[in-house]
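Please examine the structure shown here and keep it in view while reading. The paragraphs that follow lead through its sheets, its helices and one of its loops.

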Amino acid sequence: GMRKPGRRSDRLERGSALMALRTIERADVGLLVLDAETGVAEQDSKIARLALDRGRPLVLVLNKWDTIEDSHRGAEVERQLERRLGFVPEPVIVRTSAITGRGLARLLPEALRLYDDLDVEVPTGELNRALEEATSRNVPPRRGKRRARFFYATQVAKRPLTLLVFMNDPTLIAANYHRYLEGFFRKRFAVRSSPVRLLLRGRAERSEESADSRDGPAAKTR
């Protein structure tokens, strides 16, 4: 129901866009239908971001695929998917044809699998072992004379998977390292096509020596 902004010429179109946004809010899983003949539009990218910002996993439905798959257009649309929707994590792509019925039987099973993925509950011990492995593989860079210290993590919500990580100072974590941790947890716990929300909370350290001597996972300087 959402057209490009320039085409919302009347109250009906604006109302349709608002209803689509409300539908995203109510949905558990989104099916983002893309027109293979016209390619991936900027509006498609915006809708995908809206869904992911609200924690909704997506199935990317590439409709009318039968009209372009045997032409150079097919390769071009594949590149557009990567370029314009590359931010969708672990994307689930279903190529369909509404006329022939191709791929339609896959849509509901794929959506239900993504829905089930969101029910993941990670034991605290397993989560902290994953945190320790993540920070050992990729040590957070220093900022000046300081380096991030991670104490422990716990899951605080699901749909989407939301993790709370206690550390010395969240301002020491750059955006790219934050994304690295989210991606690591997403792959480790098999959460596809959905955001993982990582909340960082600072906690005062008693001293560097006491922090280094903690027995808990991921406590030592990486």
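Two strands are said to pair if DSSP finds at least two bridges between them. Helices (H or I, at least four residues) and strands (E, at least two) are DSSP runs, numbered from the N terminus. The model is a predicted one, in which local features need pLDDT of at least 70 and side-chain atom pairs count only at pLDDT 80 or more, while totals for chains, interfaces and linings use all residues. Residues are numbered from 1 along each chain as its sequence is written, and side-chain values use heavy atoms, with hydrogens and water left out.

Angles here run from 0 to 180 degrees between N-to-C directions, and axes are lines fitted to C-alpha atoms, for helices over the stretch in contact. S1 pairs with strand S2 (residues 58-63) in the parallel sense over six bridges. Within this pairing, Val33 stands opposite Val61 in S2, and Leu34 stands opposite Leu62 in S2.

Buried means under 20% relative accessible area, exposed means over 50%, and partly exposed lies in between (1.4 Å probe, protein chains only). Leu58, Leu60 and Leu62 point one way from S2, whereas Val59, Val61 and Asn63 point the other way, and all are buried.

The loop between S2 and helix H3 (72-84) contains Trp65. With a relative accessibility of 6%, Trp65 counts as buried. Its C-alpha atom is separated by 7.6 Å from that of Glu37, although Trp65 and Glu37 are 28 residues apart along the chain. Leaving aside neighbours within four places in sequence, Trp65 is in contact (heavy atoms within 4.5 Å) with Ala36, Gly74, Val77, Glu78, Arg95, Thr96 and Arg102.

A further open sheet of three strands has the order S4-S5-S6, and its pairing is mixed. Strand S4 (150-157) and strand S6 (197-202) stand at its edges with a single partner strand each, so one side of each is left without a neighbour in the sheet. From one strand to the next, the twist averages 25°. S4 pairs with strand S5 (residues 162-167) in the antiparallel sense over six bridges. Gln155 stands opposite Leu163 in S5, and the bridge partner of Phe150 in S5 is Met167. S4 and S5 form a hairpin with four residues between them, and Arg159 in the turn has a positive phi of about 55°. S5 and S6, by contrast, run parallel and are joined by six bridges; Leu164 stands opposite Leu199 in S6.

Six of the six residues of S5 are buried, so S5 is largely enclosed by the rest of the structure. Both faces of S5 are covered: Thr162, Leu164 and Phe166 are buried on one side, and Leu163, Val165 and Met167 are buried on the other.

The next topic is helix packing. Two packed helices are described by the angle between their axes and the distance between the axes. Helix H5 (residues 124-137) packs with helix H6 (residues 175-188) at an angle of about 130°, and their axes are 10 Å apart. That angle makes H5 oblique to H6; angles under 35 degrees count as roughly parallel, over 145 as roughly antiparallel, 65 to 115 as roughly perpendicular and the rest as oblique. On the side of H5, the residues that make the contact are Leu127, Ala130, Leu131, Glu133, Ala134, Thr135 and Arg137, and on the side of H6 they are Tyr177, Tyr180, Leu181, Phe184, Phe185 and Arg188.

Finally, the chain may be considered as a whole. Its secondary structure comes to seven helices and six strands, and from the N terminus on the elements run α-β-α-β-α-β-α-α-β-β-α-β-α. Of its 222 residues, 44% count as buried.
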